[in-house]
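Open the model in your viewer and keep the selection tool ready. We will go stop by stop.

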Amino acid sequence: MSAAGSAGSATAVRSAGSAETASQGSTPDTPSGRPRTIAVIGGGISGLAAAWFVKQSAPEAAVTVFEGSPRLGGKLAVGEVGGVGVDLGAESILNRRPEAVDLVRAVGLAEDVVHPATASASVWSRGELVPMPKGHLMGIPGDPRVLAGLLSRAGLKRAESGPALPSRARLRAEAETDDVAVGRYVADRFGPEVVDRLVEPLLGGVYAGSADEISLRAAIPALVPAYESGEPVDEAVSKILAAQAAAANPKPVFAGIRGGVGRFPAVLAQACEKAGVTVLASTMVRELSRTPDGWRLVCGPVPAAEAHEFDAVVVAVPGAPAARLLRDVAPAAAAELADIEYASVALATFVFDDATALPAGSGFLVPPADRRFIKASTFSSVKWSWLAESGKTVIRASVGRHRESADLRREDAELSALALADLRKALGPNALGEPVDWHVQRWGGGLPQYAVGHVARVGRILAAVASQPGLAVCGAAYDGVGIAACVASASRAAREITHEEE
C-alpha cells in the first residue's frame, strides 16, 4: 500500500524539504543554521509513527511524510458493512508490549482502548470445533497431555514419548544458519501432529505462512536459549508459562479501539499534522539518492516528477519497494530486502441482522492439513463489546496462505460464498442465515515471511543502512509483523535519525 500511488501535489512537495517549512524561532541543528529536514517514505502505521517520534524528539525539525496511495494507514482500515463500522484489516494490538498502546493513548484515543470480551477460541479440526488447549506457547505445550482431544491417540502418544534421539546437535548441524524452522523444532520433540493441528494454524494466523519455514529466532525468541542449550522444549515452555502465571496483575494480551483499530492511523496522522508534520498522500517517491549534504527524493508521476532534498530519510515501506529505493544507496540492504517473501490474504466480513447464537469463544483456527477454504474465523461481535452493541452478528473469515494464491484470484462474490459455506460447515448448517451484507478486503503482499535466518538477515540490513548517515528503515519486514512491533520499529528508526549526529 505504501509503495503504490499516483500523482501528488507538486506545490506541496516542492516546499516540503525547504527552509520555509520550518516554524519561526526553531532551534537550528544543521551547519547552515536551519532546522533539519527529514522525510518519511510511507504513510502506513510505521511511517506515521516514525514521523511522530521524530517530531517528539526533534520538535524543530521539518518532517514530511510521503504516501504513494490516496489513503493513509497501510494495512489498517475501517469500513461500513451492513450499517456497522468494522475493521477491514488488523483488529487488535498486542497489549503486553507497551509501544503501540502507549502511542494510541498519546494521540488522544485513551478512552477508546478496549479489551476482548473473551480470550478463548477453538480449533476446527477434523470436522469438529475443539476448544483451544491451554498451557502452550504458540501451540508448543509444556505438558503434551493438554492436547488430549485435539490430537489422535497415536499423535498424543508420540507427543508424550519425546524425541527418539538427542535433537539439538542434529538439528543445528543440519541447519544452514544458527536457526531452525519452528515446525522442524517442534516436530522433533512432539511429532508432526502437534505442528499440523496447533502450531501451524497459530503461526498461520500471524504470518499466513508455513511452520516448516518460519524462523524460531524471529517468531518465538523466548525459546532460543532452550534451542541453543539443548534444554528440552517442553521444560522451557513450562518455565515460561509459570513465569507468566506468576506475574502480578498480568495485562490482557490484546487491546482494541472502540470503533476499530483502523481509526488509529487517521488519528495519528492528525496528531502528526498538529505537531507540525506535513503529511502528503498520493505522492509516490520514485527515487532516492545521495547528495553531498543529504538525500534527494524524486516524487510524483514521470512526466512531472520533482526532486526535493532532505537532511535525513526514514524508509517505511515493504520489502520490495524499499529494495528499489535503496538499490543505489545501500545495495547490500536492498539485496537482502528483495529476498523477503510476502503472503497475500483476504478478509471476508459478514453481518447478520440479529444476534446469532455462536459457540463460546472469539472464533476458531483451521489447520491447513484439513484443506479448508478459510484459515480462521473471528466472531467479532462476540469478541468486541462495541460491536455487540450494534445488535447484529459480525463474523469475519480469513483466506490465503503463503504461496497459495489461487483462492485469492476468485471474484469477491465467489470468495465470500466459499468462506460462508465453510463457516456453515464449522458452525452447523442452521447456525447462520443469510447475511444482510458482506465485504471482501484483499491485502496483496500483506505479510512478510520470517524465514529461517530472518533475524540475521535483518541484522545485515540494519548494519548496511546504518553505514549511510541520515538513513533509517522501519516496518513489518524487520522486527515483527504486529502493530506493536511496527511502532517499536518506528521508534528505533526515529532514534537513529534524531541522534545519529550525537
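**First stop: a parallel pair**

Select strands β1 (residues 37–41) and β2 (residues 62–66): they pair in the parallel sense over five bridges. Strands here are DSSP E runs of at least two residues, helices are H or I runs of at least four, and both are numbered from the N terminus. Two strands count as paired if DSSP finds at least two bridges between them. Now pick Val-40; Val-65 in β2 stands opposite.

This is a predicted model, where local features need pLDDT of at least 70 and side-chain atom pairs count only at pLDDT 80 or more, while totals for chains, interfaces and linings use all residues. Residues are numbered from 1 along each chain as its sequence is written, and side-chain values use heavy atoms, with hydrogens and water left out.

Stay on β1. Is the strand mostly covered or open? Mostly covered: five of its five residues are buried. Buried means under 20% relative accessible area, exposed over 50%, and partly exposed in between (1.4 Å probe, protein chains only). Thr-37, Ala-39 and Ile-41 point one way, and Ile-38 and Val-40 the other.

**Widen to the sheet**

Show β12, β2, β1, β16 and β22 in that order: they form an open sheet with parallel pairing. At the edges stand β12 (278–280) and β22 (471–473), each with a single partner strand, so one side of each lacks a neighbour in the sheet. From one strand to the next, the twist averages 15°. Zoom in on β16 (residues 312–315), which pairs with β22 in the parallel sense over three bridges. Val-314 has Ala-472 in β22 as its bridge partner.

**An antiparallel sheet**

Next, select β5, β11 and β6. In that order they make an open sheet of three strands with antiparallel pairing. Two bridges join β6 to β11 (residues 254–257). Find Val-113; Ile-257 in β11 is opposite.

**Two helices**

Move to α6 (residues 182–190) and α7 (residues 192–207). Their axes come within 8 Å and cross at roughly 145°. Axes are lines fitted to C-alpha atoms, for helices over the stretch in contact, and angles run from 0 to 180 degrees between N-to-C directions.

**Last stop: cysteines**

Select Cys-272: it is buried, at 0% relative accessibility. Cys-299 is buried too, at 2%.
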